Amino acid sequence: MLRRHATFIVISLLTLSAAAAVLLLRGEAAFRHAIEATWGLVVTVAPSIIGGLLLSAALRQLVPPGALARWMGAESGLRGLLVATAAGMAMPGGPVAAFPVVLVLAQAGADRGALIAFVLAWSLNGFQRILVWELPILGHDFALLRLLCGLPLPVLAGLLARWLPIRWTPEDAPAFKPAPDKP
Amino acid sequence: MTIGVIGMWVLALGALFLCLRRSPTVARRAVNEAGTSLVRVAPVMMMALPMAAFVSELIPAGWAERWLGPDSGAAGVALATLAGSVLPGGPFVAFPLVLGFLKSGAGPAQMVALISGWAVLGLHRTLSWELPILGPRFILLRLSASLVLPFLAGLAAEALLPLFPGAGLR
């Protein structure tokens, strides 16, 4: 409870400092421009936030705990990291969709290495973003070079995450609400 | 962008339909859990989203070509990684910015590091989405496991650059 408020306070302070810096260094017009851009962003992402959280909550009811343990669990080895990487690249939607899905995967038995590989594969090499944004804007030579250099990173990060002594369970996530036992 | 959102809603409603077929109680529980998550997640997001807009107003003009040119080498790659990590906004902000940098003379390997730094470390995405949804411990784990990787991607791009002559200025 306290930690969640601490997060809120830290973020608020960061945003307010950035706002003050814009106001002082760039003037009032830039400040107003930033506020307008924020409003546009909120309107754009609100449907994805609600859709993403709904998807996550519904999937958590459907996927039985431990269902993915064989594929992405702690014993899944390199194959588990490759499966998680492929799943991350195929994952559509923005961060609001991908991070709630991490909760689903974790509850279904994916270990921390697989979760990290999934997040990295999605954020670095998500197919949808490459096709919709990177390829048209930056051209195929650059996009291919960038993809080639990014391809091994999720597996590397997954191996590192398994080796690091930092534990994480879905109960550590603020958005996680354990399902109450059925009466 | 909108196609992604529509796709997600189709998936979400499909999953909700499967819950409903199992039993109305299960479907109601899914909706309740989604609502609880939203209430917990929204305040931090609403404070974090304006940060992207403010930070993009603070980026000085002309810094990329001065510091991230093709001859800036490993130091340029490291600096680009760092710059990518504080680059705000989604792909609709980041890719047009990178195009602008490339056109004004930034090196392709440095831009690979910048995009990788943005995608992997992206401070703004971490604070607005990952922190409210997954919590600080997950971020600690993920950042520890991936901190040096964008830099490595930049170095790899530098080595592979001769194979991709079209990666630079178009």
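This report describes the chain A fold, the interface of chain B and chain A, and selected side-chain features in a predicted model.

**Chain A**

The secondary structure of chain A consists of nine helices and zero strands. Read from the N terminus, its elements follow the order α-α-α-α-α-α-α-α-α. Along the principal axes, the C-alpha atoms of chain A occupy a box of roughly 55 × 55 × 30 Å.

**The interface of chain B and chain A**

The size of an interface is often expressed as the accessible area that is lost when the parts come together. Here, chain B and chain A bury about 8,100 Å² between them, and 79% of this area lies on carbon and sulfur atoms. In terms of residues, 84 of chain B are in contact with 89 of chain A.

Nine residue pairs are in polar contact across this interface, both residues being at pLDDT 80 or more. On the chain B side, the elements that contribute two or more residues are α1 (2–22), α2 (24–58), α5 (91–103), α6 (108–120), α7 (123–134), α8 (136–146) and α9 (149–160). Helix α2(B) supplies the largest share of that side, with 24 residues. By class, the side of chain B that touches chain A comprises 66 nonpolar, eight polar and ten charged residues.

**Salt bridges**

Side chains of opposite charge can pair when their charged atoms come close. Over all chains, the structure holds five salt bridges. One salt bridge is found across the interface of chain B and chain A. The table lists that pair, together with a pair formed inside chain A.

| Residue with N | Residue with O | N to O distance |
|---|---|---|
| Arg60(A) | Glu33(B) | 3.4 Å |
| Arg162(A) | Asp111(A) | 2.7 Å |

The salt bridge of Arg162(A) and Asp111(A) links distant parts of the chain, the two residues being 51 residues apart. Arg162(A) is located in helix α9 of chain A, whereas Asp111(A) lies in the loop between α5 (95–107) and α6 (112–125) of chain A.

**A nonpolar surface patch**

Residues of both chains form a nonpolar patch on the surface: Leu78(A), Leu82(A), Leu156(A) and Leu159(A) with Leu147(B), Val148(B), Leu152(B) and Leu155(B). Together these residues have about 690 Å² of accessible area. The elements giving two or more residues to the patch are α4 (77–90) and α9 (153–163) of chain A, along with α9 of chain B. Leu159(A), for example, is placed in helix α9 of chain A.

Technical notes. Residues are numbered from 1 along each chain as its sequence is written. Chains are lettered from A and ligands numbered from 1 in the order in which they are written. This is a predicted model: local features need pLDDT of at least 70, side-chain atom pairs count only at pLDDT 80 or more; totals for chains, interfaces and linings use all residues. Side-chain values use heavy atoms; hydrogens and water are left out. Contact means heavy atoms within 4.5 Å. Buried area is the accessible area (1.4 Å probe) that two parts lose on being put together, summed over both. A salt bridge is a side-chain nitrogen of Lys or Arg within 4 Å of a carboxyl oxygen of Asp or Glu. A polar contact is a pair of N or O atoms within 3.5 Å; within protein, one must be able to donate a hydrogen and the other to accept it, and residues adjacent in sequence count only if both atoms are side-chain atoms. Helices (H or I, at least four residues) and strands (E, at least two) are DSSP runs, numbered from the N terminus. Ala, Val, Leu, Ile, Met, Phe, Trp, Tyr, Cys and Pro count as nonpolar, Asp, Glu, Lys and Arg as charged, and the others, Gly among them, as polar. Patches are made of residues with over 30% relative accessible area and no salt bridge: like charges are joined within 9 Å, nonpolar side chains (Val, Leu, Ile, Met, Phe, Trp, Tyr) within 5 Å. Accessible areas come from the Shrake-Rupley method with a 1.4 Å probe; for residues, only the protein chains shown count as cover.
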